[in-house]
Amino acid sequence: MRRQIGETGRVLFPPAGLTVAPRFRASTPPLTDARSRLPPRRRARQQPPRVPRSASLACRASSSFLADVEQAPPDPILGVSVAFRESTNPNKLNLGVGAYRTEDLQPYVLDVVKQAERRMLEADYDKEYLPMQGLAAFNQATARLLLGDDSDAIADERVATVQSLSGTGSLRVGAAFIAKFMPGAKVFLPSPTWGNHKNIFADAGVEWDEYAYYDAETIGLDLEGMLEAISSAPEGSVFVLHGCAHNPTGVDPTMEEWEKIADAMARKSHVPFFDVAYQGFASGSLEEDAASVRLFAKKGIEFFCAQSYSKNLGLYAERVGAINAVLADSASAKKTVSQMNRIARAMYSNPPVHGARIAATVIEDPVLFERWNEEMREMAGRIKTVRGMLFDDLTKLNPDKDWSFVTRQIGMFSFTGLSEAQVKRMTDEHAIFMTKDGRVSLAGLSQAKCAYLANAIDDSFKNA
Ligand SMILES: Cc1ncc(COP(=O)(O)O)c(C=O)c1O
């Protein structure tokens, strides 16, 4: 299905004979403030806070003109780390944020990152501004890593890639692009999903809803519910898909299920928006973890994809990532890059260079690339080991309960099924800090702490 985006911001439609989503026909209203298209309740939530009338210069001395600004609630994920730091319990364990830790529960800087930085220092690079699109070498490398060396889309120059501020910033640029050039398109997020997805699309003024993804009874994928949501959503909707290692559930579709999902999307001319934050981390293989995205590309489905190098290269603070659009033709890709550049220009002008140079150096150099793969296998392997140990410890404590979900789930997280009250007991009684949805980051667990965690989980299930 070809979809072209006009200079005016309208999505133009294509070849006769193909089904066209009514909202994208030429009668689509001209681009307006995306907020005005939201239902009244959501629109109200998105209004900027009102500055009180009394906020004149004259009264500033006694109270700030921002005195009526409401305190924002703590972030559900980052807030966990704050609470962890404040705890004085010697047994405390931070399983909230998805950041890799060594067996000693220390942050890990990859060996390849250190090697690349040494080379960069020797090369004596300058610190000039990058172009809005980012570092060209990085953009080429990241698209190739995602789509494969043999990608037709890359060969045909049908991929629009813009370096952005890690996964979050890349999603945000994509969301702004949707708000501007796909007016009226609704974004569907899996239920549950990474909490920040909702903030990102809402702040961009894009209306979002949820689709069935996780089946709490089977602790697996609700494929039927997902396919039903895909077929009943308005044509041309955007579906956010976690490319691998679904956060928070750790439940991914099998390749057969991805096939069904892709075909269902194509039938409704939906636009998938992949979020790939864990390539290489789920299985330890960059190739395997990109299989879902590559399947959609092979089928000729157009899609967006946000990439992050926070986890797989451990570049959390460097903010390295990209937003890609894989499209039907190179002219559309070129125009899309130009408009994404405009969005970036107004948001942050151009992205940071240091981390992008590291990533490009590691991906392009065969020796570093091999070493990186080795380190990723080690990191993914360590997580698999603690998964296995946690499963054994839980089974020993309560053999009557089926704990197999712990080893079936993929990636950094385990979605335990603990209720909010049980999570509270985990923190209050055992000093285990985790998100309220029952997710634990196994990347923050050591072998030495497996039995402690198992005991806390078993106790909380039984006594809260
Ligand atoms: C699903 C998902 N998407 C995107 C991100 C973005 O992370 P970052 O902005 O650090 O790349 C994360 C991080 O936890 C994530 O879990």
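Analyst: Happy to; below we take a few labels one by one, keeping in mind that this is a predicted model.

User: Why is aspartate 203 called partly exposed, rather than buried or exposed?

Analyst: Aspartate 203, placed in helix H7 (residues 196-203), has 13 C-beta neighbours inside 10 Å. Buried would need 20 or more, and exposed 12 or fewer. The value of 13 falls in between, so aspartate 203 counts as partly exposed.

User: What makes S4 and S6 the edges of their sheet?

Analyst: The order of the 7 strands in this open, mixed sheet is S4-S12-S11-S10-S9-S5-S6. Strand S4 (159-165) and strand S6 (208-212) each have a single partner strand, so one side of each is left without a neighbour in the sheet. On average, neighbouring strands here are turned by 25° against each other, direction ignored.

User: How do you know that S11 and S12 pair?

Analyst: Pairing takes at least two bridges. Strand S11 (residues 303-308) and strand S12 (residues 320-326) are joined by 6 bridges and run antiparallel, so by that cut-off they pair. Within them, serine 308 stands opposite glycine 321 in S12.

User: What makes up the shell around the ligand?

Analyst: The ligand is surrounded by 13 residues, with Ser166, Gly167, Thr168, Ser308 and Ser310 the closest. They divide into 9 polar, 3 nonpolar and 1 charged. Helix H6 (residues 166-181) contributes the most, with 3 residues.

Key: Residues numbered from 1 in each chain as written. Predicted model: local features only at pLDDT ≥ 70, side-chain atom pairs only at ≥ 80, totals over all residues. Helix = DSSP H or I, 4+ residues; strand = E, 2+ residues; numbered from the N terminus. Near = placed C-beta within 6 Å. Nonpolar A, V, L, I, M, F, W, Y, C, P; charged D, E, K, R; others polar. Axes fitted to C-alpha atoms, helices over the stretch in contact; angles between N-to-C directions.
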